[in-house]
Amino acid sequence: MPIVLLHGFTLTGRSWAPVLERLEGAEAIAADLRGHGAARHRRPIDFASVAADVAAAAPEGATLCGYSLGGRVALRAALDHPGRFGRLVLIGASPGIADPDEREARRRADEALAGRLEGMTIGSFAREWEQHDVLASQPPEVRALARADRLRNDPRALAAALRGLGSGAMEPLWDRLGELDVPVTLVAGERDEKFVAIGRAMAERIADAELVVVDGVGHAVGLERPEAVAELLRGP
């Protein structure tokens, strides 16, 4: 079965290289999302447009796998295009912030970060971003790989992506999870307690869902344990 891989915020499709190396022989696509890498100049940047990009690029019946921001996009693509995909794999992903006040606070925080980003070099931003709570515990080799990928981006384009695809901009999808018509695998790192809890809550609302907690890792499961993600994508 073909596999479509969607990267996280600040990364590009190249961040999936460790997983792709372990999927030798599989038909896989790891494209750059709008505002990132080779797609940095594509506009508009919003969930409907990016989800449509994904649906257009994905072979019929493909497994759709997204990490963090890519997971939010994957979820929106599966809901916007029912019957298009054969399976959904969401890594460290959320259906959005349900509480309106909390979502507005996050939107304001995202806007503040986007404004700062526009005045930063990509190098200074990359160094700052890797200190984020969910990333700070990454092993040095994982941090180095992620940093090299972040340097392929442009801070102004990332600012646009944050404004259009950030958690504060996302329409919450909790009430739509029951519409999913494909098997869903929810993946979170053992140390990523926030997303383990979100995964459990999502699994309760999805008819055909399993939660996989990967031992000993944090948020970036695909970078920290690529062999585990490749095994999940290959399936039984």
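Reply: Leaving aside neighbours within four places in sequence, Thr 63 is in contact with Met 1, Pro 2, Ile 3, Val 4, Arg 87, Val 89 and Leu 233, where contact means heavy atoms within 4.5 Å. The model is a predicted one: local features need pLDDT of at least 70, side-chain atom pairs count only at pLDDT 80 or more, and totals for chains, interfaces and linings use all residues. Residues are numbered from 1 along each chain as its sequence is written, and side-chain values use heavy atoms, with hydrogens and water left out.

Thr 63 belongs to strand β3, which covers residues 62-67. Strands here are DSSP runs of type E with at least two residues, helices are runs of H or I with at least four, and both are numbered from the N terminus. Thr 63 counts as buried because its relative accessibility is 3%; buried means under 20% relative accessible area, exposed over 50%, and partly exposed in between, with a 1.4 Å probe and protein chains only.

Next, the sheet. Strand β3 sits between β1 and β4 in an open sheet of six strands, ordered β2-β1-β3-β4-β5-β6, with parallel pairing. Two strands pair if DSSP finds at least two bridges between them. In general, strands of a sheet pair through backbone hydrogen bonds, either parallel or antiparallel. The edges of this sheet are β2 (28-29) and β6 (209-214), each of which pairs on one side only. Leu 186 stands opposite Leu 211 of β6.

Ala 159 is placed in helix α7, residues 155-165, and is buried at a relative accessible area of 0%. Beyond its neighbours within four places in sequence, Ala 159 contacts Ala 114, Leu 117 and Glu 118.

For the whole chain, the secondary structure comes to 10 helices and six strands. The radius of gyration, 16 Å, is close to the 18 Å that the globule rule gives for 236 residues, so the chain is as compact as a globular protein of that length. That radius is taken over C-alpha atoms, and the rule is 2.2 Å times the number of residues to the power 0.38. Of the 236 residues, 55% count as buried. Among contacts between residues at least 6 apart in sequence, 76% join residues at least 24 apart.
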